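Have the sequence and the structure at hand, and try each task before reading its solution.

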Amino acid sequence: MTVEQIEQFLSRETVPQGKIIRFEMKKRNPVRGLIVKGKDYDELKGKNFWRIVTQMNLTEYHKTQNINLAKIFSGTDFAKLSLVSNKAED
């Protein structure tokens with residue numbers, strides 16, 4: 001996906017409480033989590049990279065706001081974005 005497509009999704013969809021984003025990938029299993037804005041958000045976005053806290057680390061991230069819990073993913077690897085509930089995957 002392009003930066004514009006990802007930004008369009010983020011501007012169109014507000015992530016309500018209890019929901020997270022499902023990142024469908026082109027060449028690997030989907031990832032669930034949230035995009036977080038660190039100090040380098042604009043720089044990463046300009047290169048189509050996104051800092052994502054995965055579902056496994058979300059609870060700890062909400063407690064500590066530790067940006068090191070996030071992983072950086074390339075937007076070109078995304079096939080589709082959708083909102084899903086924050087529960088174990090079926």
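**Exercise 1.** Which residues have the most contacts inside the largest nonpolar core?

*Solution.* Keep in mind that this is a predicted model. The largest nonpolar core has 24 residues, and those with the most contacts inside it are Ile 6, Phe 23, Ile 35, Trp 50, Ile 52, Phe 78 and Leu 81. Next, look at where the core residues come from: helices H1 (3-12) and H3 (58-64) each give two or more, and so do strands E1, E2 (31-35), E3 (49-54) and E5. The largest share, 4 residues, comes from E1.

**Exercise 2.** Find the aromatic pairs and classify each one by its ring geometry.

*Solution.* Phe 23 belongs to strand E1 (residues 19-25) and Phe 78 to strand E5 (residues 78-85), so the pair ties together parts that are 55 residues apart in sequence. Both of these Phe residues are buried.

Now take Tyr 41 and Trp 50. Their ring centres are 6.0 Å apart with planes at 70°, and planes over 60 degrees apart count as edge-to-face, so that is the class of this pair. Tyr 41 and Trp 50 are both buried.

**Exercise 3.** Which charged end sits over the ring of Tyr 41?

*Solution.* Go to the ring centre of Tyr 41 and look 5.1 Å away: there you will find the charged end of Lys 37.

Notes:
Residues are numbered from 1 along each chain as its sequence is written. This is a predicted model: local features need pLDDT of at least 70, side-chain atom pairs count only at pLDDT 80 or more; totals for chains, interfaces and linings use all residues. Side-chain values use heavy atoms; hydrogens and water are left out. Buried means under 20% relative accessible area, exposed over 50%, partly exposed in between (1.4 Å probe, protein chains only). Rings of Phe, Tyr and Trp (its six-membered ring) pair if their centres lie within 6.5 Å; planes under 30 degrees apart count as stacked, over 60 as edge-to-face and the rest as tilted. A charge sits over a ring if NZ of Lys or CZ of Arg is within 6 Å of the ring centre and within 35 degrees of the ring normal. A nonpolar core is a set of buried Ala, Val, Leu, Ile, Met, Phe, Trp, Tyr and Cys residues joined through side-chain atoms within 4.5 Å.
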